[in-house]
Every structure is written in structure tokens, then in C-alpha cells.
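Trainee: Could you walk me through this one? I'd like to go through it piece by piece.

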Amino acid sequence: MPLPLTTDARAALEAREVAIAWLLDLYTDEGTLRCWDQAIPITYGGDTYEALQDRWRIEGEIKIGADLTPEPLTIAFDGAPQTDDASFIGRLLDRTWHQRRMRLRGLLMNVSSNFVTAIGVHMTWNGWMDTISTSDGVGTASVVTLNCESGILRALDMNLTACTDEDQRRRLSTDQFFRNVALKPAQQVPFGTKWINIPGGGSSGGPATTGGGGSLPFGITIQRE
Amino acid sequence: MSSQEIFLTDRLKDCSWRLMQRQSAPFGRQTGQVITYGGAFWVASFRYENLDGPGLRALSAWIARRKGAAVSFTAYRPTRISPANGATSNSGLGISSVNTAASTIAATGLSAALAAGDMFSYATLAGGFYCGEVVSVGAISSGAQTLTVSPAPVAAHGTPQARVFQALAEFQLDGEPQISEPHDRRYAVSFNARQVERA
């Protein structure tokens, strides 16, 4: 659904000029670092964003997908002050950031206010801080690169856990549906194996099986190798 | 590193200033719609010609003191040294308020009214320089005048040191200076610079 246009936004569009700024939130172990890409600080949504102006930028594309594949996002910071603990990048490097949340938001601004009056957020990119690399060399800019990743499951803040047989039995003690769900990658699922031959399977409660071939409750016959 | 040393004007043949707008290019002619990504800033190109030996030595040492882009310098716009009213002093000039959103500066202590096209500078809260071009003016009253400027002004220092005569901007070298040392001793130097912003 498109964003409803405010009077300011409509006026900006009619003036054939719109202004966009970027808000960055990095959720570290010692609080949230917030900055934006303009010259003077702004308070938006109750939070104050430091004015980093050109000292950071978004590298490449911002991808937002509806699939389950994590999308990358790369943010580059001016690396020259990285050893200054008081600088923004210095504070980030001094804190614990790995696999902690980050958020990038596009902020529509009132174009006639010189980036003082905000209209509203037009996009939000939620992700996790993944890796940081630095690039320093003669003749090139000193850059600290923060690689982030998203993912629809993570964006929805879901816990990536598997439902085990025990989990399901707590909900419905007679439901055996998850008895054959693999809990680890590449784990062998014991289809067609007698329950009494599976360690921990017990001799009762499982589906009726035969030695040579398995017969599942749904009438499907599986031939065991 | 901040030096803010003034630039040299001896044998300066060309000093062109340009305001760099940070915005997208229009997609087509019919709408002309653009997206603005940030405030504008100044870039300038400097060209010195027919320098004699002492002149080249002074300029070469001045460039060496810049240490590439590490040490900033200050410059005024040679074509706008004085405002249109002809003022040659900044004495008594002050700022009563700065409005970033409205792009206005309320100047005080003016001996005569400023006009569109004049340059205006002052010290910023962070110890840098704001330098802008007056684009429209209000009526002057008892030396006070509201100036609409471009680019947008930022918060002023407690001691703003406002200037209309030789209004200063802070720059750093952009790229390598070009120095020509031919046999006929008609030396030439040119370099580009971009504004240092300390808001």
C-alpha cells in the first residue's frame, strides 16, 4: 500500500523536488549508535541521529526480497578516524556488534526545509551486522566496510528452531507427526525402520511396521534397502 | 588537521567557484523531478600563471604546507571581494540568528544594505567556516538585515566573526596540484579544491 502523502510531501512533489536522507541504527551491546547522512543532527521518533554527512554511505544496492534468502547490504564508513574512540566508527569498533541488529531507513524530508523537517519513513531495511573489513592504502580512501544481511525469517524476528517430537507431544500427546523430523542437517530420517530398532524409539507407540518393508499409517509402503 | 591558512593571490589568474548540488539528475524533460540527497557545497579551481622565481617559491611552499588534503586553507571569492555596496571592512558586523530551515541569516551591524550575489561568511559552532551567497534580501533597518543565502546556513559560533568583505570559505586540496616549471621561467601552478564543512 503506498504511503499516504502529507501536505509537505505533496508540496515537495509539486515543487518537482523531493529530499531523501538515510537513518542508520546499529544496536550494539553498549546501546544503539545512530547516525544519518546530513550536516546537522536530527531527532526523529524520539531518537537523536548524529550528523555524519559524507562520512558513511550505502554501497551498491538495497535489496528487499520476499524469499527466504538473506539479502546483503554493505555500508562504508570513513575509516580515517577508526582509532579515535570518540568517533562514530571508533565507538562501533570498540563495542560488540557481531550478529546484532541494525536498521536502515529512508527518510523523506521537506525539501524546502534544508533537511530540518522530516515527512516520514518511506522504507525500512532490517538486518544483522555480519562482518567488518577495513581497507587502507596510499592514494585510496580509508574505508571501514560493514557487511549486513537480512532474511525474511530474521526480519520477522522469528526464532529459527525446529519442532521436535517432544515439542509436539507437549501440545498433543498422541500426535506422532514430528517423530520422523530430522533435527540436524543431513540427519538420516528412519523411514521404514522398525521403531524397536531405532535407539530410544521404544517398542510401543510407533506405527505398525514389518521387518522387510515399512508401512506408514497413511497406507504408504516404503521398501527398505 | 586544520590550518585554515589564507590562500595566495599574487599572479592568480583564475579562481572559479562552483556550488555543487547533491541531487539526482532529472530523468526526463517533462517532469524535471529531482531527488535532493544533501546540502550543496563549494568547489573551486585555482590557476596561477607567469610566476617569477620568488612567486613560485612562495606558492610551492604554500602547497607543501597543505600536505595533500590533510591541511585545510581558506579563500575568498576574488570576483566578490566586496559586496555590491562597496564595503571594505567587516568591523561591527554580527549575526543575531541563523535559520537553517528557512536559509536565512539575520545580520546586524551592516553599514549599508547587502544585495543578491554578495558573499557572506562566519565561524561555525564547530570552528569551521560557513560561506554562502546572498540570493535575496530583506529591507535594512538600523544596520540589521535578513539575508536569504545559499547553501543553507548552519549554527554560528559564539564569536561568529561575520564577514562580507573577503568572505572566507575553508577548502582542502582535491587531487594533485599541477606545477609547470618551464625553461623560460614563466611558471604556472593550478589546483582544485573542495569545501571543508564543519557544522
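Predicted model: local features only at pLDDT ≥ 70, side-chain atom pairs only at ≥ 80, totals over all residues.

Trainee: Fine. Where does Gln53(A) lie, then?

Mentor: Gln53(A) is in the loop that runs between strand S4 (47-51) and strand S5 (56-59) of chain A. Its phi is near 50°, which is a positive value in a residue other than glycine.

Trainee: And why does Gln53(A) count as partly exposed?

Mentor: Because it has 18 C-beta neighbours inside 10 Å, and a residue needs 20 or more to be called buried and 12 or fewer to be called exposed.

Trainee: What about Ser103(B), where phi also has a positive value?

Mentor: Phi of Ser103(B) is near 60°, and this too is a residue other than glycine. Ser103(B) sits in the loop between strand S5 (94-99) and strand S6 (104-108) of chain B, and because 20 C-beta neighbours fall inside 10 Å, Ser103(B) counts as buried.

Trainee: Which peptide bond is cis?

Mentor: The one from Ser150(B) to Pro151(B), where omega is near 0°. Pro151(B) belongs to the loop that links strand S9 (145-150) and S10 of chain B, while Ser150(B) is the bridge partner, in S9(B), of Glu133(B).

Trainee: How many bridges go with S8 and S9(B)?

Mentor: Strand S8 (residues 129-137) of chain B pairs with S9(B) over four bridges, in the antiparallel sense. Both belong to an open sheet of five strands in chain B, ordered S5-S6-S9-S8-S7, in which the pairing is antiparallel.

Trainee: Which are the edge strands?

Mentor: S5 and strand S7 (119-123) of chain B, each of which pairs on one side only. From one strand to the next, the twist averages 40°.

Trainee: Switching to S3(B): how many bridges join strand S2 of chain B to S3(B)?

Mentor: Ten bridges join them, with strand S2 (residues 12-23) of chain B running antiparallel to S3(B); within that pairing, Trp17(B) stands opposite Ala44(B) in S3(B). S3(B) is also joined, by seven bridges and again antiparallel, to strand S12 (residues 187-195) of chain B, where Phe191(B) is the bridge partner of Phe46(B).

Trainee: In which sense do S1(A) and S3(B) pair?

Mentor: They pair in the parallel sense, over three bridges. Glu17(A) stands opposite Val34(B) in S3(B), and Ala19(A) has Thr36(B) as its bridge partner in S3(B).

Trainee: How many residues does the contact take from chain A and chain B?

Mentor: Chain A puts in 17 residues and chain B 16. On the side of chain B that touches chain A, seven of the residues are nonpolar, eight are polar and one is charged.

Trainee: What does the domain assignment of chain B give?

Mentor: It gives domain 1 as 1-78 + 169-199 and domain 2 as 82-165. Their C-alpha centres lie 23 Å apart, and 13 residues of domain 1 of chain B are in contact with twelve residues of domain 2 of chain B.

Trainee: Which strand gives the most to the side of domain 1 of chain B that touches domain 2?

Mentor: S3(B) does, with four residues; strand S3 (34-51) and strand S10 (168-173) of chain B each supply at least two residues of that side. By kind, the residues there are seven nonpolar, two polar and four charged.

Trainee: Last topic: how many residues has the largest nonpolar core?

Mentor: It has 80 residues, and those with the most contacts inside it are Ala21(A), Trp36(A), Met109(A), Phe120(B) and Cys131(B). Strand S1 (residues 17-28) of chain A contributes the largest share of this core, eight residues.

Trainee: What is Ala21(A) in contact with, leaving aside neighbours within four places in sequence?

Mentor: Its partners are Trp36(A), Asp37(A), Gln38(A), Leu107(A), Met109(A) and Phe115(A).

Trainee: And chain A overall: what share of its residues is buried?

Mentor: Buried residues account for 21% of the 225 residues in chain A, which has four helices and eleven strands. Among the contacts in chain A between residues at least 6 apart in sequence, 43% join residues at least 24 apart.

Notes: Residues numbered from 1 in each chain as written. Chains lettered and ligands numbered in written order. Core = buried A, V, L, I, M, F, W, Y, C linked by C-beta atoms within 7 Å. Contact = placed C-beta atoms within 7 Å. Domains from an automatic or database assignment. Nonpolar A, V, L, I, M, F, W, Y, C, P; charged D, E, K, R; others polar. Pairing = 2+ DSSP bridges. Axes fitted to C-alpha atoms, helices over the stretch in contact; angles between N-to-C directions.
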